[in-house]
Amino acid sequence: VLGPEFVPEDLEGVMRVLEREGAALESQLDANVGLDRLVTSDLLVRHRHRLVGFRHVLLRDAIYRTLATERSKQIHRAARDYYLAAEGMSSDERLPRVALHAQRCGHSDEAAAIYLDLARRAERRHHYLDAEILFGNAVDNLSQGEFGAQVEAAQGRGLMRFRVGRLDDSIKDLARACGLARAAGDK
């Protein structure tokens, strides 16, 4: 649930949030002991900078799909709260995690706002592929009533797709942005 990679402190922090909320934990095992056992059994692997991740993405995805929807949302909500309060992380590291967990626990408007901010930052750094993905995440999370943000996200994704050579998709996004702007009366 925490994503492709995390540090042990992230897992401990999310577990503390779940305990504070009164959520039942599947195991009373210490997080580091559990991680060590999973690394020893070759399910997880330790990467540089103390990051831990699944050895195989398909295995991670299969395990994630076995979680009940409500339990998954509960863990994502706890992870969102943990990362929102994480002061030791840079915003470049923290905000994408907050957005992911906000999206997955049903806080779509919050996720969309963060994705738009991250997309603007990526565009300013000329990271057009990252910006395209982030604008797309914003498009996926925006509610129907937010015309200005929808126009910005569709236009941004269209421009990024143009810059990476995806011209047909770019035209579709820019036409969508134009249609939304016309519908909102925004010249």
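## Ser 72 in helix 4

Ser 72 lies in helix 4, which covers residues 69–85; helices here are DSSP runs of H or I with at least four residues, numbered from the N terminus. With a relative accessibility of 8%, Ser 72 counts as buried, a term that stands for under 20% relative accessible area, with exposed meaning over 50% and partly exposed in between, for a 1.4 Å probe and protein chains only. Once neighbours within four places in sequence are set aside, Ser 72 is in contact (heavy atoms within 4.5 Å) with Val 1, Tyr 64 and Leu 67.

This is a predicted model, in which local features need pLDDT of at least 70 and side-chain atom pairs count only at pLDDT 80 or more, while totals for chains, interfaces and linings use all residues. Residues are numbered from 1 along each chain as its sequence is written, and side-chain values use heavy atoms, with hydrogens and water left out.

## The nonpolar cores

A nonpolar core is a set of buried Ala, Val, Leu, Ile, Met, Phe, Trp, Tyr and Cys residues joined through side-chain atoms within 4.5 Å. The largest such core has 41 residues, and those with the most contacts inside it are Val 14, Leu 18, Tyr 83 and Tyr 115. Two or more residues each come from helix 1 (8–20), helix 2 (31–40), helix 4, helix 5 (91–104), helix 6 (108–124), helix 7 (128–141) and helix 8 (147–163). Helix 6 gives the most to this core, with 8 residues.

## Tyr 82 and Tyr 83

Tyr 82 and Tyr 83 are both buried. Leaving aside neighbours within four places in sequence, Tyr 83 is in contact with Leu 2, Asp 10, Met 89, Arg 94, Arg 97, Val 98 and His 101.

## Helix 9

Helix 9 comprises 18 residues, 167–184, which at 1.5 Å a residue should span 26 Å, and its end C-alpha atoms are 26 Å apart, in agreement; the expected span is 1.5 Å times one less than the number of residues. Its residues Ser 170, Asp 173, Ala 177, Leu 180 and Ala 181 are buried. Seen down the axis of helix 9, the buried residues fall within an arc of 100 degrees, so they line one face, the arc being that of the directions from the helix axis to the C-beta atoms.

These buried residues pack against helix 8, whereas the face turned away from the buried side carries the exposed residues Asp 168, Ile 171, Lys 172, Arg 182 and Ala 183. Just after helix 9, Gly 185 takes a positive phi of about 75 degrees.
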